[in-house]
Amino acid sequence: MKILSAVADAGDTTVEAVASKLGIPVSSTYRYFRQLRELGFVQEDGGLYRPGRALLALTGRHLTQSHLAEVGTAVLKDIVDTVGETAVMVIRVGTRAMCLRRVEPEKAIKYTFAVNELLPLSAGAGPRALLAWAPADVVRQVLDAGLPRFTDNTPTAEQLQSSLAQIRASGWVVSRGELDPGAVSVAVPVMFDGEAVCALNVAGPETRCGSRTWLNSTLKTLNASAENLAASLGALAGQGTPRQHTPREAGDDAAHSV
């Protein structure tokens with residue numbers, strides 16, 4: 001059970017890392033991992049282990065992600081209809097971010113994120129929002145892995161680490177040219193059961209999206225969509241429509257572990 005908890009918290013991890021964290025001999029840990037893989041509780045990719053379908057089902061994440069995929073397009077379409085820019089739903093997959101759903105406006109200039117595309121957690125508003133509420137082990141793996149540079153505005157490891165507390169305190173992220181020159185994006189996390197289950201991200205060109213007025217208006221739309229989506233997840237889980245932690249409140253909890 002401790003091994004399963006370690007895998008669920010880390011997202012992507014190795015046998016050696018889990019053995020060291022739990023104080024278990026590496027040889028014994030390999031035997032446990034082999035059995036857990038055969039039972040579908042973990043899956044392995046090039047020496048990295050992440051939660052398998054059986055573990056996701058136990059933690060409720062599989063159900064959550066299925067719901068996000070089902071309603072994601074409708075949620076994003078409402079955002080696009082209001083703000084007029086590309087809207088993306090991003091989830092965390094281990095130490096990477098993945099575009100789960102995308103809706104684009106009918107405009108000549110737009111920013112395209114491929115559905116199912118894996119992105120680093122270190123650049124862009126949506127990925128950085130997910131990193132800010134990720135478990136401490138995930139944050140350390142991302143910071144220690146050597147961050148890719150996309151533009152001159154891509155955050156360094158030092159800039160990224162220093163920004164996480166501010167993101168949790170404010171409850172939103174803005175990115176200016178971190179992945180694409182001249183692009184602006186803003187994102188908020190969707191908090192459910194104390195976890196950032198996804199991020200809602202709007203992106204567009206600086207010429208249209210560079211003003212404080214645009215940012216404030218877009219944040220208002222994103223926050224309303226995030227609250228509605230969290231409420232729908234609560235209803236799905238049979239919790240009715242309980243009060244969810246706001247990003248700032250959840251950030252206070254996460255700060256104790258990062």
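Let's start where α6 meets α8. R128, L131 and A132 in α6 touch L160, S163, L164, I167 and R168 in α8. Contact here means heavy atoms within 4.5 Å. By class, this contact has 5 nonpolar, 1 polar and 2 charged residues. For the classes, Ala, Val, Leu, Ile, Met, Phe, Trp, Tyr, Cys and Pro are nonpolar, Asp, Glu, Lys and Arg are charged, and the others, Gly among them, are polar.

A word on the source. This is a predicted model, where local features need pLDDT of at least 70, side-chain atom pairs count only at pLDDT 80 or more, and totals for chains, interfaces and linings use all residues. Residues are numbered from 1 along each chain as its sequence is written, and side-chain values use heavy atoms, with hydrogens and water left out.

Back to the helices. Two packed helices are described by the angle between their axes and the distance between the axes. Helix α6 covers residues 125-132, and its axis comes within 9 Å of the α8 axis, crossing at roughly 80°. Axes are lines fitted to C-alpha atoms, for helices over the stretch in contact, and angles run from 0 to 180 degrees between N-to-C directions. So α6 and α8 are roughly perpendicular. The cut-offs: under 35 degrees is roughly parallel, over 145 roughly antiparallel, 65 to 115 roughly perpendicular, and the rest oblique.

Now α8 again, with another partner. Helix α7 (residues 136-144) packs on α8 (residues 157-170) at about 160°, axes 10 Å apart. That pair is therefore roughly antiparallel. V139, V142 and L143 of α7 make the contact with A157, L160, Q161 and L164 of α8. By class, it has 6 nonpolar, 1 polar and no charged residues.

L121 sits between β5 (118-120) and α6. Is L121 buried or exposed? It is buried, at a relative accessible area of 1%. Buried means under 20% relative accessible area, exposed over 50%, partly exposed in between, with a 1.4 Å probe and protein chains only. Leaving aside neighbours within four places in sequence, L121 contacts residues including R92, T95, R128, L131 and V142. Take T95: 26 residues away in sequence, but 6.7 Å from L121, C-alpha to C-alpha.

G52 lies between β2 (48-51) and α4 (53-59). G52 counts as buried, at 2% relative accessibility. Beyond four places in sequence, G52 is in contact with G40, F41, V42 and Q43.

Now the cores. A nonpolar core is a set of buried Ala, Val, Leu, Ile, Met, Phe, Trp, Tyr and Cys residues joined through side-chain atoms within 4.5 Å. The largest has 31 residues, and L68, I79, M89, V190, C198, L200 and V202 have the most contacts inside it. Elements giving two or more residues include α5 (61-83), β3 (86-93) and β8 (195-205). Which element gives the most to this core? α10, with 8 residues. Apart from this core lies another, of 26 residues, among them V90, A129, W133 and A187.

Finally, the whole chain. There are 11 helices and 8 strands. Both are DSSP runs numbered from the N terminus: helices are H or I, at least four residues, and strands are E, at least two. Of the 258 residues, 49% count as buried. Among contacts between residues at least 6 apart in sequence, 59% join residues at least 24 apart.
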